[in-house]
Amino acid sequence: MTTTEQPSVSDRPALTSLRRARELFLLGRQLPDDVPEEVVAAWRRARFFGVRHDMPDPVPDPAPPPVRPEDPALLAAARPVLERIAPALGTEQAALLLTDERLRVLWATGGGRHDLSRLDLCERTVGVNSAARALSTRRRAEVHGPEHFLDLWQDVSAVSVPVLSPDTGRPLGTVTVASTLCAECGPHPGAALAEAAADAVEAELLARSQGAERVLLDAYLAALRGTLPPGRDGTAGPERGGTGRPPAGRAVVALDGRSRLVSEAAGRLLSPEGLETLERAAVAARRGAARAAVPLPEGSKCRATLTPVTHMGSVIGAVAVLEPVGRTATGADGPGGATPGGPRCGGGGGGSVGVGVAGRSVAWRHAVDRATELARSSSEPLLLVGERGTGKASLARELTEGPLLTADAAEGEVHAALEEWAGGRVVLVRHAERLTQRDVAALNSLLEAPPAAPLLVTYTPGPPPGPCLQRLLDSLAARSVTLPALRERPEDIRDLLDSVTPRPAPGQPPLTWSLDALRALEQHPWPGNVTELVHLVRALTEQRRATGPVRRTELPDPVREGPAARQLSPMERAERTAILEALHRHGGNKARTAMALGIARATLYRKLRGYRG
């Protein structure tokens, strides 16, 4: 819930003058200068949408449709709260309403009517109203008497407060208190009640969300143990065998539409397309589908059975148990194994794909396949080019078998390593751009009659190279591969997360990510590429104390806020960093942030818009 200061009585035009202005508007006459532009704009929208000001009754005649599938979470959380608060209205002349994000009334009481739950408060249907304004501004909003477009509501005052998702901050609906017209359009007497109701609904949503995550995790662990009941309840049944330990290699996936839990065995069996199919099936399960087999894409190495998981009477997600079909992922040429003669997939154990080859984007697979082809076809030197942190050294290690001597030019001379190469040892030279003149000359000399052993060289482009280094690069250019930056392959983020996330401690759940957090990771420009992602995951793993999937709010400010839409100057970058840090310190409260920074709140909004636009 977000509140804002409401105009005082003196800030609003008198009821009589506002009522006269509305009459002039309906007649197409010139309006007085003191009519608020926001009110006039709302009247104009209603006319544009074709709303009739003399509409007899906005409540439709037919019987109300059943509750929509997307409503139960909000309605189930809000109903007990609103039923406790409703007696505080104290009069038949006041009404308490709950709408969803489409401004359809889900629940209502009071007002002397029993059909308010069939009302649609969309502006396209009934014109301006407090619920529509609160949803669009994400702040408390009041609309009084003649500010409404409908004749029917000229003697009604209403205040609405948005209900925000505890996970994403997205508006889920509104709580509205409507009453007879308040004198001189002053602050609505039901404002405190509406705010308290919205606060309580958000608190209930948060409690249910945390409880639902725990239930889904329990169902996932029960499926790993092989004790998930065949029904719809997420509670685990009695354990088989009495050990309580998950059998090794059981393939299980738990999904709730926002996050996922994937066991190592499931990660080896499932393709990205298969995982998307399961996510769609999990969404369908939340709409009432029963336990069933899920058809996976053609060529899948497993079959899946999906079991819905319930919490407090609602389906909150689903657990899929996978069974291999034909060849398993072990030794296959899929994500869990290495193709004959191709790069070995180390770096993680347990079948996880190494960072050096993780990714399925076209640009990345083309680079890896080209590097693999060159490494297979000849033992001649291979040059890997790319920005800092793109994974050049990791890929080089995946392309070689047996002992590999690594020499880093950034840490000193590599002359001794070059002598080892001349003696027949496989060598990786990192940061060729940092080679000393002596080492460049030695390497150029060796390339005139290269040894039989493989040599891999990594190079990060930067300032124009000197003539000797340029000669070296020209010599290696025919057998070079350029790796794409991570910002050029955001679709690989999820594969990389699987590879770089450390294994959890015994008894601890694996680190998972909410969809909102994944979207933030995919939108970040990653100036440090894969290395920056590794450091982010490592920091979260070591410092995180929360349970459940990682949320967007837990990510570092630059990742959470998203990239600026234009290139910022150094001064703007410093200013943006200071503002983001202040917002973080004050819990996202912009009024307190502006006060702490010594600027007006309007200035803060303008600067934030400027950074994004």
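Visitor: In β4, which residue is the bridge partner of Val143?

Guide: Two strands pair if DSSP finds at least two bridges between them; strands (E, at least two residues) and helices (H or I, at least four) are DSSP runs, numbered from the N terminus. Here the partner of Val143 is Ala158 in β4. Strands β3 and β4 (residues 156-164) run antiparallel and are joined by 4 bridges. The model is a predicted one, in which local features need pLDDT of at least 70 and side-chain atom pairs count only at pLDDT 80 or more, while totals for chains, interfaces and linings use all residues. Residues are numbered from 1 along each chain as its sequence is written, and side-chain values use heavy atoms, with hydrogens and water left out.

Visitor: What is the order of the strands in the open sheet of 5 strands?

Guide: The order is β2-β1-β5-β4-β3, with antiparallel pairing. At the edges are β2 (105-110) and β3 (141-144), each of which pairs on one side only. From one strand to the next, the twist averages 15°.

Visitor: Which residues touch the most other members of the largest nonpolar core?

Guide: In soluble globular proteins, nonpolar side chains tend to be buried together. A nonpolar core is a set of buried Ala, Val, Leu, Ile, Met, Phe, Trp, Tyr and Cys residues joined through side-chain atoms within 4.5 Å; buried means under 20% relative accessible area, with a 1.4 Å probe and protein chains only. The largest core has 27 residues, of which Leu74, Leu82, Leu96, Leu98 and Val175 touch the most other members. At least two residues of this core come from each of α3 (72-85), β1 (95-100), β2, β4, β5 (171-180) and α6 (191-225). Apart from this core lies another, of 25 residues, including Trp43 and Met55.

Visitor: Why is strand β14 described as largely enclosed by the rest of the structure?

Guide: Strand β14 (residues 455-459) is largely enclosed because 5 of its 5 residues are buried. Leu455, Val457 and Tyr459 point one way, whereas Leu456 and Thr458 point the other way.

Visitor: Which strands are joined to β14 by bridges, and do they run parallel or antiparallel to it?

Guide: Strand β11 (residues 382-385) runs parallel to β14 and is joined to it by 4 bridges, with Leu384 partnered by Thr458. Strand β13 (residues 427-430) also runs parallel to β14, through 3 bridges; there the partner of Leu428 is Leu456.

Key:
Axes fitted to C-alpha atoms, helices over the stretch in contact; angles between N-to-C directions. Buried < 20%, exposed > 50% of the residue type's maximum accessible area, 1.4 Å probe, protein only.
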